[in-house]
Each structure stands twice: as structure tokens, then as C-alpha cells.
Amino acid sequence: MKLCVNALPHISAARLEVPQAGALRFPEKVLQFGTGVLLRGLPDYFIDKANKQNVFQGRVLVVKSTANGGTDAFAEQDHLYTQCIKGIENGQLVEENIVNASISRVLSAKSDWDEILEAAANPDMELVISNTTEVGIVLQKDNIHGHPPDSFPGKLLAFLYRRFRIFKGDPAKGMVIVPTELIPENGSKLESIITELAHQNALEPAFIDWLEQHNHFCNSLVDRIVPGKLPIADQQKMEQELGYADELMIMSEVYRLWAIEAKHQRVFDVLQPLASVDEGIVLTPDIHLYRELKVRLLNGPHTFACGIAVLTGVNTVKEAMDHPLISAYIARVMEQEITPAIVGEELTKEKALDFAARILDRFRNPHIEHRWISITMNYSSKMEMRNVPAIVQYIERQGAAPQAMALGFAAFLCFMKGVEGNDGKYYGTVNGAQYVIQDDNAGLYAESWKKGVDGVVGDVLGNETFGGSGLADALVWRDAVAYWVREIVEKGVVRAMEECVRGEGVRLG
């Protein structure tokens with residue numbers, strides 16, 4: 001039996017939440033650009049949950065813009081799919097399975113563009129969601145009268161323009177637009193591109209006024225790991241347990257966050273029904289605090305610890321959390337160094353530590369295989385963006401070097417000690433095995449390492465990338481990093497971690 005509407009009455013699995021028949025008849029209220037697992041695992045999860053509680057009462061029209069794959073699987077399953085939620089919350093294992101009925105249709109922009117534009121005449125439409133990857137929100141010359149326009153902004157503008165024409169500029173028919181692409185100020189950037197495209201296409205001033213005054217582009221931040229398809233063996237086991245086959249089944253972690261900048265009453269009116277059913281949706285005038293927490297306390301520890309883990313021979317984040325030294329190191333860098341560096345008037349210590357505890361639960365999730373070597377990709381730019389600001393803030397506030405951060409930075413330098421191969425790539429070695437250094441600056445680090453420990457520390461901290469961030473003149477930082485590099489080189493990373501975790505062996509400020 002395959003998952004579909006007709007199969008629902010025959011599904012009786014004990015650990016499964018299924019939609020009621022009424023939820024399948026709700027009108028389309030959401031236009032969604034993208035069929036990806038992040039959208040299905042986060043925004044569509046919230047929509048389905050609100051529909052099951054009868055507070056949103058709206059479904060999703062999905063626009064598929066890419067050429068990869070088709071819409072057949074969705075149509076064959078009446079757009080239903082299973083979401084398996086697995087992870088740790090408050091220290092407890094959580095497993096939950098739901099049949100998501102939020103999607104009403106999936107249309108191809110290439111073959112169904114007329115039908116997509118017809119949806120602009122739907123008076124119930126009120127919300128636009130997108131996840132077209134970072135390259136989707138870019139300005140390019142585009143004819144919005146194309147069939148379809150080439151770009152995502154062009155397609156969205158064409159839809160809005162059709163809606164303006166149909167409803168004769170009715171202020172109440174403007175849309176709330178929430179992009180989820182992982183770029184800062186995603187809503188503001190999309191709005192500026194849409195406005196510029198409207199001018200490029202010589203659209204009438206009345207439309208541009210309606211666009212600017214009655215459509216609300218919201219910056220947003222999404223955070224949920226959604227690996228997508230289950231491993232084959234797990235998929236087969238789950239289908240046997242649930243009693244049906246599901247080609248669209250996805251897995252996600254328990255943690256979920258969708259922080260949305262809501263600066264207008266219309267935004268609250270549209271999104272509050274979703275926010276009312278789950279604390280994972282946050283409506284706030286400014287999402288900066290949530291971005292800061294994510295970057296510093298989720299991405300930051302990943303970046304500090306990935307070199308340590310690889311040099312220790314530990315492959316995944318879950319394995320690292322089972323390793324007593326690495327897990328103690330991660331907790332120390334988060335709770336004792338990053339947290340004091342970032343707390344202030346907006347962010348209390350209690351809130352930061354609560355967020356850190358949730359992150360540690362996520363790191364312990366046995367169902368997510370997050371490999372450290374993948375996290376080392378673009379290592380130098382990640383270290384600069386995610387961690388250097390916290391290092392600078394700690395030194396400014398404490399007048400001393402954060403030793404766990406310094407050890408993480410030292411492990412980063414040791415990881416980057418590479419040798420150029422015949423293929424032009426750079427390789428490091430740990431325990432006799434090679435790993436690829438996937439970083440644009442790999443050659444620079446390899447050259448600096450020829451000068452020894454002081455040479456590489458001096459070169460990197462004197463480089464404008466890091467020096468311009470306030471670290472070039474911080475002697476306590478330079479001394480701390482050099483100390484830990486020597487400890488790793490001379491005694492090994494495990495011994496260095498032991499010293500750092502115990503607070504022994506560090507004779508620095």
C-alpha cells in the first residue's frame with residue numbers, strides 16, 4: 001500500500017499522527033517556491049501542525065523551478081508525505097512520525113506557468129515562502145512576462161503583478177513574503193531585487209506603490225537539520241512499521257526554529273496562527289539576537305572543534321559527544337568562553353546557556369550523521385566569520401586569551417598543515433591517513449608552515465583576514481595560540497585537550 005488519501009482510513013500504526021479529512025479541504029493560502037526537504041521539514045511542518053489544530057486552515061501551492069526530478073511522486077501520493085522526527089530534547093530521546101498534509105499541489109514553473117499565475121486570483125492567498133538556495137536571491141535581467149521568467153525574483157514579481165492587476169491594487173490583497181534562504185537580511189535583499197526588477201520592466205508607478213506599501217518582505221532565520229531521505233535500511237523498517245510505502249518520506253531532528261522579523265500588523269495577523277501552535281516560530285521586530293546565537297553557539301563550536309576531532313581520529317559529531325575529552329571541550333568552549341563573550345543587554349547569560357544546552361542535545365542526536373571533515377570545508381572563512389568576533393569580544397572583556405578557543409584555533413592551524421599533491425589539491429595527514437584540505441587558502445597555510453610554529457602563527461594572525469578583525473595586535477592571543485600549537489605538535493591533540501579541559505599546563509594570561 002502506498003501513502004495516499006484513499007489509504008489514510010486503512011493506516012493504523014500506533015506511533016503515527018495522521019490528518020483529519022477536513023484538513024485536506026482547506027484552501028490554498030501559501031505560495032511556496034521550492035520542494036526541498038528544508039521547506040517540507042520546517043515551514044510546512046508548522047503549517048501542517050496548525051492545520052491539525054484547526055487554527056491556520058490553509059494549504060500550500062508549491063512551485064517547482066528546477067529541472068531536476070518531476071512532480072509525479074507528489075501527485076501519486078496526493079501530496080502527502082511522512083516526516084520522521086528523531087533526536088534528543090531535554091536529555092530525552094524523542095521519536096515522532098507524522099503524515100504531513102500541508103501541500104495541496106506541486107506545479108512545475110516550466111510546464112504549468114499559466115496555472116501558477118491563475119493562483120494569483122485566489123483571494124485566500126496571503127503568504128509566500130521560498131528556499132531557492134543562496135544563488136536564488138540574485139538580481140539578473142529578467143522579463144517578467146516570460147513564460148516563465150528565468151529567475152526566482154522574476155517569477156515572484158510576475159505573480160505579484162498579476163495579483164495587482166486582478167484585484168485592481170486592493171491593499172488587502174498584498175502578500176507577506178518570507179524567504180528562508182541562508183543569507184543575512186534575506187527579506188530585505190529580495191525586496192530590493194524585486195523593486196529593481198519592477199523598474200527594469202517599466203511597470204506602472206501604481207503597481208510599484210502597491211508593491212512597496214502593501215507587500216511585506218520579512219527577514220527570517222531557519223534552523224533545523226533535515227537530512228531528507230532515511231537510510232535504505234531505516235526506510236524499509238519504517239515502512240514495515242507504518243504499513244505503507246512512501247517515496248517522499250523524510251527525517252528531521254527535533255529542534256526547530258523559524259525566527260521571522262515582524263514589523264507590521266499584517267505580518268502578525270498572517271503568521272500568528274502558525275506561531276500559536278509551536279514555540280519554534282518566533283515573531284520579533286529584530287532577529288539579530290537569534291542569528292547571533294546560531295552563529296556563535298551552534299556554528300562556532302562546530303568550527304572550533306572540527307580540527308580537534310579530525311586530528312583525534314573522530315569522524316562524526318555524535319562520536320565526538322561520546323568521546324569524554326572532546327565533549328568536555330565543546331561544553332567548556334560554549335559555556336565558559338563563547339557565552340561570556342556574547343552576553344550583554346539583549347542577551348542574558350541564562351538565555352545563552354539554555355540555548356547552549358539545546359545545542360548539546362542536538363550534537364548528541366544518534367540519528368544525524370554529521371561528519372567533521374565536511375565541516376572543515378572553507379575552514380578559514382568559517383573561522384573568520386563565526387569565531388573571530390567572539391574571540392575579540394572575550395579578550396576585550398576579560399583582558400585575557402580564551403584558552404579553549406585558542407586550542408581550537410591551534411587545531412585549525414595544525415589541520416591546515418598540508419602538502420600539495422600531484423592533482424593540485426592539498427592534503428593533511430592524521431594517523432597515517434590523508435585527508436583533503438578543501439579551503440581556498442590551503443596553499444598559503446602550507447607555505448607558512450614551512451616557517452615553523454612561530455612562522456605560521458605570525459603569518460595567519462598578521463594576515464588582513466584576521467588582523468583586520470582585531471587579532472593582529474592581541475599579544476595574549478598570539479602567545480596562547482602558539483602555546484597550544486606547540487602542545488599539539490609535541491604532545492598530541494589528546495594531551496592538549498586534557499590540559500585545556502582540566503585548566504592545567506596553561507601558564508598564560
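1. Helix axes here are lines fitted to C-alpha atoms over the stretch in contact, and angles run from 0 to 180 degrees between N-to-C directions. Helices (H or I, at least four residues) and strands (E, at least two) are DSSP runs, numbered from the N terminus. The model is predicted: local features need pLDDT of at least 70, side-chain atom pairs count only at pLDDT 80 or more, and totals for chains, interfaces and linings use all residues. Residues are numbered from 1 along each chain as its sequence is written, and side-chain values use heavy atoms, with hydrogens and water left out.

2. Start with helices α18 and α20. Helix α18 covers residues 452–462 and helix α20 covers residues 475–491. Their axes come within 10 Å and cross at roughly 140°. That makes α18 oblique to α20. Angles under 35 degrees count as roughly parallel, over 145 as roughly antiparallel, 65 to 115 as roughly perpendicular and the rest as oblique. The crossing is right-handed. A crossing is called left-handed if the near helix is turned anticlockwise from the far one by less than a right angle, and right-handed if clockwise. From α18, the contact uses Val453, Asp454, Val457, Gly458 and Leu461. From α20, Trp477, Arg478, Val481, Ala482, Val485 and Arg486 take part. Contact means heavy atoms within 4.5 Å.

3. A second pair is α10 and α15. Helix α10 (residues 288–312) packs on helix α15 (residues 379–398) at an angle of about 115°, with the axes 9 Å apart. This crossing is left-handed. On α10, the contact residues include Glu292, Val295, Asn299, Thr303 and Gly307. On α15, they include Tyr379, Met383, Arg386, Ala390 and Gln393.

4. Now helix α6. Its 15 residues, 186–200, should span 21 Å at 1.5 Å a residue, and the end C-alpha atoms are 21 Å apart, which agrees. The expected span is 1.5 Å times one less than the number of residues. Which residues of α6 are buried? They are Asn186, Gly187, Leu190, Ile193, Ile194, Thr195, Leu197 and Ala198. Buried means under 20% relative accessible area, exposed over 50%, and partly exposed in between (1.4 Å probe, protein chains only). An α-helix has 3.6 residues a turn, so residues three or four places apart point the same way. The buried residues of α6 pack against α5 (152–166), β7 (176–179), α7 (205–214), β8 (216–217) and β9 (220–223).

5. The axes of α6 and α7 come within 11 Å and cross at roughly 175°. That makes α6 roughly antiparallel to α7. Ile194, Thr195, Ala198 and His199 in α6 meet Phe207, Ile208, Leu211 and Glu212 in α7.

6. Most residues other than glycine have a negative phi, and most peptide bonds are trans. Ala202, in the loop between α6 and α7, has a positive phi near 55°. Ala202 counts as exposed, at 66% relative accessibility. Asn431 lies in the loop between β14 (426–430) and β15 (433–437). Its phi is also positive, near 50°. Asn431 is exposed, with a relative accessible area of 70%. Pro148 is in the loop between β6 (127–130) and α5.

7. Two asparagines are buried. Asn97 sits in strand β4 (residues 92–100). It counts as buried at 4% relative accessibility. Its side chain reaches the backbone oxygen of Arg15 at 3.2 Å. A polar contact is a pair of N or O atoms within 3.5 Å; within protein, one must be able to donate a hydrogen and the other to accept it, and residues adjacent in sequence count only if both atoms are side-chain atoms. Not counting residues up to four places away in sequence, Asn97 touches Arg15, Leu16, Glu17, Gln83, Cys84, Met238, Glu241 and Leu242. Asn365 is in the loop between α13 (349–363) and α14 (372–375). It is buried at 2% relative accessibility. A polar atom of the Asn365 side chain lies 2.9 Å from the backbone nitrogen of His367. Leaving aside neighbours within four places in sequence, Asn365 contacts Lys86, Gly87, Ile88, Glu253 and Lys318.

8. Last, His216 in strand β8. His216 counts as buried, at 12% relative accessibility. Its C-alpha atom is 9.0 Å from that of Ala262, 46 residues apart along the chain. Leaving aside neighbours within four places in sequence, His216 is in contact with Met175, Val176, Ile177, His264, Arg266 and Val267.
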